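My notes follow the display.

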Amino acid sequence: MMYEAFDVQSDIARQTRAWGRVIRDATAPFADSPFGGPAKWWSAGARMMMRAGLTFTRPSYGISRVTVGNREVPVLEEPVVATPFGTLLRFRKDVETEQPKVLVLAPLSGHFATLLRGTIRTLLPDHDVYITDWHNARDVPVSEGRFGFDDYVDHVVRFVETMGEGTHLLAVCQPAVQALAATAVMAQSKNRTQPRSMTLMAGPVDCRVSPTSVNELATSKPIEWFEQNLIATVPARHKGAGRKVYPGFMQVSAFVAMNAKRHSQAHSDLFWHYMNDEAEKATALETFYDEYFAVLDLTAEFYLETVSKVFQTYDLARNALTYRGTPIDMGAIRRTALMTVEGERDDICSVGQTMAAHDLCTGLAPHMKSHHLQAGVGHYGVFSGRKWEGQTYPLVRNFIQSHA
């Protein structure tokens with residue numbers, strides 16, 4: 001009944017947004033009249049009403065052009081491979097010089113891959129960029145089968161093979177685990193397309209290191225509790241009716257609860273930006289929350305297997321991870337250079353958790369390993385924002401270039 005209750009709330013939110021539009025349109029003509037003051041209050045309140053609720057619609061990447069060298073070139077989104085659960089999406093550019101191919105592994109953690117548009121935009125001038133564009137599990141029919149931890153690894157292997165030799169991986173947050181697993185699987189099978197390098201950014205490689213509140217929550221209950229309390233069945237009104245999922249609205253609610261005061265203040269600020277005609281400031285907040293409140297569901301099996309393997313039994317951290325029942329040895333990785341990036345103030349994936357990958361990859365020579373701790377940033381600042389663009393990215397770019 002959890003999902004049905006949420007759908008009722010979504011219907012109410014939809015009506016709230018509709019009434020907001022009516023009130024905004026009704027008060028607009030009075031903005032410059034003697035009744036302008038009260039009209040602005042009503043209008044600002046109406047615009048807040050128009051933002052009620054979450055959306056399950058993937059936002060646009062919004063990257064149509066990028067500057068390469070001294071000229072602007074168009075960017076076209078090109079689906080290369082599609083499965084029921086995800087698409088290998090290329091941001092194709094018409095450039096004469098061959099650029100390193102980079103596959104950005106987007107997390108499956110309640111948001112669409114479009115959350116990484118800033119990361120992609122920064123990478124594009126210097127790289128041929130692809131991304132794992134994950135689909136919303138609630139829209140995947142049950143007949144398409146399951147999607148678990150190993151299936152994510154399968155997708156990474158398949159996508160890298162499709163891109164061919166010379167591919168570089170850049171994993172943001174949770175898929176740092178799958179990046180390591182897929183690379184080890186390819187190394188053990190002596191796959192000729194195994195990645196040239198992998199950059200792991202703020203990923204939970206070893207959650208035993210300086211546990212965060214997220215890590216403590218994952219270990220506070222047995223896996224059966226997560227299955228009984230956090231897994232829902234997709235209702236009949238959706239394409240994936242009957243599929244068991246970890247709803248995106250639960251994940252986003254948990255993120256909001258972690259920083260409730262900050263999010264509450266942001267929406268208070270947004271109201272006053274409307275009142276004071278501060279369009280630029282209002283647009284910045286609108287853009288952020290349009291993305292933040294666009295959510296997707298995870299399959300139940302992927303969520304539960306990730307919680308169990310990564311956050312409870314620490315399979316990767318103990319080098320005890322398996323793939324399709326066969327042990328994976330991270331020490332088998334010898335041809336793929338490794339860079340890890342962490343944020344000094346990260347409260348989701350603390351300092352040291354990602355760097356632990358270096359201890360696991362015992363087959364790599366020292367010159368094939370690199371680490372960067374970015375001062376003054378939290379989790380999202382590792383892969384987005386000014387410090388990512390001006391300080392972290394140049395190091396990532398140089399690392400990729402040096403192993404191209």
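This is a predicted model: local features need pLDDT of at least 70, side-chain atom pairs count only at pLDDT 80 or more; totals for chains, interfaces and linings use all residues.

**Entry 1, helix 13.** Residues are numbered from 1 along each chain as its sequence is written, and side-chain values use heavy atoms, with hydrogens and water left out.

I then checked the span. Helix 13 covers residues 386–402 and reaches 24 Å from its first C-alpha to its last, close to the 24 Å expected. Expected span is 1.5 Å times one less than the number of residues. Helices (H or I, at least four residues) and strands (E, at least two) are DSSP runs numbered from the N terminus.

I listed the buried residues of helix 13, and both Thr392 and Pro394 are among them. Buried means under 20% relative accessible area (1.4 Å probe, protein chains only). These buried residues pack against several elements, including helix 3 (117–123) and strand 13 (337–343); contact means heavy atoms within 4.5 Å.

**Entry 2, strand 13.** I found 7 of the 7 residues of strand 13 buried. Ala337, Met339, Val341 and Gly343 lie on one side, Leu338, Thr340 and Glu342 on the other.

I looked up its partners last. Strand 13 runs parallel to strand 7, with 5 bridges, and parallel to strand 14, with 6 bridges. Pairing requires at least two DSSP bridges. Met201 stands opposite Val341, and Met339 opposite Ser370.

Technical notes: Buried means under 20% relative accessible area, exposed over 50%, partly exposed in between (1.4 Å probe, protein chains only).
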